Amino acid sequence: MPDEKAVFTSADGRGRSEIIRMMLAAAEIEYEEVNVRTKEELAEAQKDLLFGQIPSLKVKDKVIVQHGAIVRYLAREADMFGSDDDEMTTIDMLFEGTRDFMTKFYAFGFANDAKIKDELDAKVLPKYLPIFNKVLEQNRTGFLVSEDMTLADVGLMEVLLSIADYFGEERFAKIKKIKKFFKTMKEESQMRYYIDKIRKRPNDEQYVKEVKELFGQ
């Protein structure tokens, strides 16, 4: 990565951009965050972007858009995307699985929170937690793919942090490998820094209001 700071532009909340913040921290990349809060700021931020939408990451003269493209770029730059094609494919599959797992959490604050929790508890968590627990059992390193943290691990950690927010850590306390993985990831210096210094607040009334005003929802 270049010596100068990268510039990350996004709305001022978690949303689908939070995984980018996590990867910036995991990759130990120094950056400046620009938060868009008004329609005027949004129009200015988006006017020269390829698809006319944020988030974006500027690195030197290169501007990268689209969540997946940004996090994969960061993973490659930080050697967190596997050592060969087989590992890369596995990381990619697992990361995409974490995106499916994460989807319902984005709706908190924008829909009926009680109904969201009920659906997560009854359908989503029972489906995905055993799958990722099994992968951790099979890999036997404490991580999902290799012996080190990859993009897939960061993706899973985002979901587990969200589960801890809305259900408490006890929701996966009896799932042995998941519980150990969560503890290990929280102890990683990059993740500790992200949790303590970078992680955005949950979807509160102010954030929901800003998003609706920005994007006309």
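**Entry 1: the lining.** I sorted the lining of the largest cavity by class and found 8 nonpolar, 3 polar and 4 charged residues, where Ala, Val, Leu, Ile, Met, Phe, Trp, Tyr, Cys and Pro count as nonpolar, Asp, Glu, Lys and Arg as charged, and the others, Gly among them, as polar. I note that this is a predicted model, in which local features need pLDDT of at least 70 and side-chain atom pairs count only at pLDDT 80 or more, while totals for chains, interfaces and linings use all residues. Residues are numbered from 1 along each chain as its sequence is written, and side-chain values use heavy atoms, with hydrogens and water left out.

**Entry 2: the cavity.** Searching the whole structure, I found 1 cavity of 30 Å³ or more (on a 1 Å grid over the protein atoms alone, a set of points where a 1.4 Å probe fits but cannot get out; lining residues have an atom within 4 Å of a point). The largest cavity has a volume of about 130 Å³, the volume being the space filled by probe spheres set on the points, which are joined across faces, edges and corners. Of its 15 lining residues, Arg14, Gly15, Met102, Phe105 and Ser162 lie nearest the centre. The elements giving two or more residues to this lining are α1 (18-26) and α6 (151-167), helices being DSSP runs of H or I with at least four residues, numbered from the N terminus. The largest share, 4 residues, comes from α6.

**Entry 3: the partner of α6.** I then looked up which residues of α5 meet α6. Lys117, Leu120, Asp121, Leu125, Leu129 and Phe132 in α5 meet Leu156, Leu160, Ile163, Tyr166 and Phe167 in α6, contact meaning heavy atoms within 4.5 Å. By class, this contact has 9 nonpolar, no polar and 2 charged residues.

Notes: 1 Å grid on protein atoms, 1.4 Å probe; cavity = no way out; pocket = protein on both sides within 12 Å on 5 of 7 lines; lining within 4 Å.
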